[in-house]
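Subject: Structure for you to look at

Hello,

Here is the structure I promised to pass on. Please open it and keep it beside you while you read my notes.

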Amino acid sequence: MAYLLTHLVDDTAAQSPDQLAFRFGNQALTYAELARQSNQLANLLRAEGVERGDRVGIYLNRCLETAVAVYGILKAGAAFVPLDPAQPVARTQYLLDNCTIKILLTNKSQRRRLPDLLTNPGPLQLVIGGEAAWTGRKLPWAAIQSMTDSTPEVRILSDDLAYIIFSSGSTGQPKGIMHSHRSGLAYARLSVDLYGVKATDVIGNFCALHFDQCTFGYFSSMLAGATTIIVSDAHTKFPVSLLQLIEQEKMTIWYSVPLVMTQMIQSGALAKHDLSALRWVKFGGEAFSPHQLVQLMAHMPNAIFSNVYGPAEVNQCTFYHIDEPPSPEAPIPLGEVWDDTEILILDAADEPVTAGEVGELLVRSSTRMLGYWRDPERTERSFFQHRKSGGPVQIFYRTGDLVCTSAGRSVAEIPRSRDVLLFMGRKDRQIKTRGYRVELEEVESILNAQPGVLEAAVYPIKNGPEGLLIHALVVSDQSLEPPAIKQGMALHLPAYSIPAEIRFVQALPRTDAGKIDRRSLQTLLA
Amino acid sequence: MKIEISTMEDRIIDFIRLEILGEGPSFELDADEDLLGSGLIGSMDIFRLIEFIEREFSIKVNPADMTIEHFATVTALTQFIQQQQAV
């Protein structure tokens, strides 16, 4: 019975050994090769002293080795910690220290960064795959080939720690989201079921390993016996090349942040490519501007489009399948709560709101994280303990997202019998301006819906004793006038919510994951 | 006026080294080094690089030409610029 993430690969390898598990450029790994190589890596890690529960770092760009690394570390009974090479070295050193990482997996693509990183290696004792000269031990990646390929005998339980994803966090230190084999596997099962993932599917994995959307390409795909295409770092920078890749590989399922698809539209090359193999296009991590989505849908006639919502702490919790091009006026709903999941919508006093009212979303599900790494206080704050009439304690995760149900709202464009959730902003992005409470998210979505606006971000600016003022950045390929935009917005928003200043830029600052980088926006413009 | 290949390469390398990576002359950057796969150059840097070559070599880079093939290495970029100048 499959109860560990590692069983996903081993089970498919037993049934269809020659099926392709991962492809990257002209390299590929069959399920049998992945099972064998990850066993070898696990045996090497065990021989090097890795014990159940240890953390092993993965310091790699997008590449085929990431797949072997993930499953090799898991098979050794350890947890993998993806470390983003694009992050400043000091942050990575902090994470090495914070997670007591003794072994680091890397390859020669990091040869420029590695020497810097190793100037302060903290607890590191061994680097596998790195060429840098340092006083600690190092082994070439090829060292795994000399190891036995039998499955290591380690007792691993389904609720053992499997991986830690560090979110960049809007403030302060990065927080480490701990997931178990159980929560990862629960996500794989639910997503394979919801999207009907089959062995014939070819899944485009856009995001880097340190981003939680990877669970679809690295776990769900393995459960279905499908093939995951690891999109190279180079392809992520060139939308035209990315479109070529989607066409060449005949990808059937795509999953990324909306930005990637917006860039494909802006490249003007959408129409030149045959994207008819795509049957499902999933987007999440940020709101997709309905304007852009309509254009995309026109070019991908065979695809179902889906909004995916769920903080990394719970993987995913809602879905919204879009049957018809949405109205550009209304933001796309978060959607329906998926299986094995229930929600609460609570007010500031932790009491349920009445139907249709806005409150914080809390989620209870099998896909929930174990907690935050070495941060019991934050974990406790983020968990809401609910006990119904003396029964067992039920733990809900506080998302910090404000939502409401569509019940009682005139949401004409939702032709659904069931209620869906609507996103109403972040709890911490609610500001007071000129004495009024304003949801910045709402202002942003109205601004995004204005004609000619390709992308937009709004942010609060300190304005002396008056408090905060709303400013906006807009990306457009037309010559727009701020007064005209403000007039358009005034049809939907009260005067105090309209940005006091609108500036035009070529592009918005983005995090490595492709989301709008709110922090650098703030520091850039403060 | 036509610019020699080596000087064109050198000017691009200088720009990447100084303006994008913030490194001094001691930082070795080979014309054939993969700029993209190792993450040496980020997404936002591409726009700065394009601005630079458009200004420096009086060409226009169309969105359709923004591909891996043209930007993978300094050598590839140099060839692309020369093609554009010849048009």
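One definition first: a residue is buried if 20 or more other C-beta atoms lie within 10 Å of its own, with C-beta atoms placed from the backbone. Please also keep in mind that this is a predicted model.

Chain B

By that rule, 18% of the 87 residues in chain B are buried. Chain B has 4 helices and 0 strands. Along the sequence its pattern reads α-α-α-α. Its C-alpha atoms fill a box of roughly 35 × 25 × 20 Å along the principal axes. How does its radius of gyration compare with that of a compact globule? A compact globule of 87 residues would have a radius near 12 Å, and chain B has 12 Å, so the two agree. Now take the contacts in chain B with a separation of 6 or more. Of these, 64% are between residues 24 or more positions apart.

Where the chains meet

Chain A brings 18 residues to the contact, and chain B brings 15 residues. On the chain A side, the elements that give two or more residues are helix H8 (233-237) and helix H9 (239-248) of chain A. H8(A) gives the most, with 4 residues. The chain A side divides into 7 nonpolar, 8 polar and 3 charged residues.

The cores

The largest nonpolar core has 146 residues. Which of them touch the most other members? They are Leu34(A) and Val81(A). Leaving aside neighbours within four places in sequence, the contacts of Val81(A) include Arg55(A), Ile58(A), Leu95(A), Cys99(A) and Tyr163(A). There is also a second, separate core of 20 residues. Leu440(A), Val443(A), Val458(A) and Ile498(A) are among its members.

A buried loop residue

Look next at Ile144(A). It is found in the loop between strand S7 (137-139) and strand S8 (161-167) of chain A. Is Ile144(A) buried or exposed? Ile144(A) has 23 other C-beta atoms within 10 Å, so it is buried. Leaving aside neighbours within four places in sequence, Ile144(A) is in contact with Gln37(A), Gln40(A), Leu41(A) and Leu44(A). Leu45(A) is 99 residues away from Ile144(A) along the chain, yet their C-alpha atoms are separated by 9.1 Å.

The sheet of 9 strands

Chain A has an open sheet of 9 strands with mixed pairing. The order is S2-S1-S11-S10-S12-S13-S14-S15-S16. Strand S2 (27-30) and strand S16 (336-337) of chain A stand at the edges. Each has a single partner strand, so one side of each is left without a neighbour in the sheet. Within this order, strand S12 (residues 253-256) and strand S13 (residues 280-284) of chain A run parallel and are joined by 4 bridges. There, Tyr255(A) has Lys282(A) in S13(A) as its bridge partner.

Finally, follow strand S26 (residues 468-476) of chain A. It pairs with strand S25 (residues 453-462) of chain A in the antiparallel sense, over 9 bridges. Val458(A), which also belongs to the second core, has Ala472(A) in S26(A) as its bridge partner. S26(A) also runs parallel to strand S27 (residues 501-504) of chain A, joined by 4 bridges. Here the bridge partner of Ala472(A) is Ile502(A) in S27(A). With helix H14 (residues 482-490) of chain A, S26(A) and S27(A) make a right-handed β-α-β unit.

Best wishes

How values were computed: Residues are numbered from 1 along each chain as its sequence is written. Chains are lettered from A and ligands numbered from 1 in the order in which they are written. This is a predicted model: local features need pLDDT of at least 70, side-chain atom pairs count only at pLDDT 80 or more; totals for chains, interfaces and linings use all residues. Two residues are in contact if their C-beta atoms, placed from the backbone, lie within 7 Å. Ala, Val, Leu, Ile, Met, Phe, Trp, Tyr, Cys and Pro count as nonpolar, Asp, Glu, Lys and Arg as charged, and the others, Gly among them, as polar. A nonpolar core is a set of buried Ala, Val, Leu, Ile, Met, Phe, Trp, Tyr and Cys residues joined through C-beta atoms within 7 Å. A residue is buried if 20 or more other C-beta atoms lie within 10 Å of its own, exposed if 12 or fewer, and partly exposed in between; C-beta atoms are placed from the backbone. Two strands pair if DSSP finds at least two bridges between them. The radius of gyration is taken over C-alpha atoms; the globule rule is 2.2 Å times the number of residues to the power 0.38. A crossover is right-handed if, with the strands pointing away from the viewer, the path from the first strand over the helix to the second runs clockwise.
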